[in-house]
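The following exercises concern one protein structure. Please study the sequence and the model before reading each solution.

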Amino acid sequence: VFFLSFLFSFSVWAEDWSNSPEWLAIGHYQNKKSSIDSPNFFLSKDGKKNPLSELEASIKLFNSDDNQLKCQFPARYLFLKKHKLIATKFPKCEEFEEFKRDLQPGGVTLLFTDAYMNNPSSLFGHTLIRIDTKRKGSQMLAHGANYGAFTGENPGPLYALFGLTGRYFGGFTVKPYYDIINTYNNIENRDIWELNLDFSKEELEFFVAHLWEIGQTQSRYYFFTKNCSYMLLEMLDAVRPSLKLASKFPVQVIPLDSFKAVFRSKNLVKDINYRPSRQKQIITAVADMNDVQKKAYFKGLKEKKYELPENLSEDEKSDVLGTAYQFVQYQYVAKKLELADYRKQSFDILRQRSKLKTTKEEKKIQGKSPLESHESMRLTAGIGAKNGNVFEESYDKLILS
């Protein structure tokens, strides 16, 4: 009788925890079905659709001697340990420890990039995560986590159809942040907006552990639903289940809307930063020049040498040369300049600029924030008169910003 009573109590106890927002978020469950499709993410045969059996299998795992398998699920361990569902210690996992050493996490930032006109799938923008580093110096030493579809090298004419119907699988990739900046900011010339998230030390630890878990999995990719933005929202929900970000998008997920949803979440965002593209920096710098500067700048670009007028100040000369250096980089990245020419022109510009004594601080460029744009779903109505006749009009359409 005691044994049966114990089994019944354990079953009720486990069922209560399996329905908790934390456990459902860790397993990426929406309506009791996980959005993760890889079998290696689940420990029970019906774990994809059964949070209870997956919880019971997880408790069983961490009470076993299978340390190799335990190392795949550090986030689950943190959950089970926090709520005293297990009493065992997490094993020594060299690969996971190396992963954390590479990241040296100091925070988490959500990034939104502008549209990229050369790629139709990026016309609505893109969202990704930066794991801020504790290393001294620039965040260029940080790492970025990006979710995207694995389409192969030559997707062909069926690219759009496969993206809409879930024929591709998507997954997370982690790479150095300077690679991400070079791709989005410099090569594709996309402005980047950053939301620095206010995660506690415990939440940051859990984020890294969860990233490790899902970094080894894949899910079916759907362009309008289970896309780059949606999976990031599920990741943030796993760290802080009270956010319930993913549940706010039952129909479609547009990167701009998800970015706004994160920004509007209570006590989540602590700072906003803007990183203009190289193209934006050049355009802004030229617009700020006076007529003498512009004449010298464009003449230098044409002749590939800069003879700056004496009536320009040291700061004004520095602005011309700095902008010219940016343009040379821009041309090289766009493959409009050979490496030898790039090196020669860059060296000549930098050598000339190094002789100047400047006191001017670098101007902070102001961009048009995506947070100030209209909502993607909107309804408008209007009334007016034409040739003495009153008319009405309405506009009810999904605007994919």
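**Exercise 1: A pair of helices**

The axes of helix α12 (residues 278-288) and helix α14 (residues 314-333) come within 10 Å and cross at roughly 145°. Axes are lines fitted to C-alpha atoms, for helices over the stretch in contact, with angles from 0 to 180 degrees between N-to-C directions. Helices are DSSP runs (H or I, at least four residues), numbered from the N terminus. The model is predicted: local features need pLDDT of at least 70, side-chain atom pairs count only at pLDDT 80 or more, and totals for chains, interfaces and linings use all residues. Residues are numbered from 1 along each chain as its sequence is written, and side-chain values use heavy atoms, without hydrogens and water.

Task: State which residues of α12 make the contact.

Solution. Contact means heavy atoms within 4.5 Å. On α12, the contact is made by R278, Q279, Q281, I282, A285 and V286. Their partners on α14 include F327 and Y330.

**Exercise 2: A salt bridge between helices**

Solution. Step 1: a salt bridge requires a side-chain nitrogen of Lys or Arg within 4 Å of a carboxyl oxygen of Asp or Glu. The side chains of E54 and R76 meet at 2.6 Å, N to O.

Step 1: E54 is buried (under 20% relative accessible area), at 1% relative accessibility. R76 is also buried, at 2%.

Terms used: Helices (H or I, at least four residues) and strands (E, at least two) are DSSP runs, numbered from the N terminus. Buried means under 20% relative accessible area, exposed over 50%, partly exposed in between (1.4 Å probe, protein chains only).
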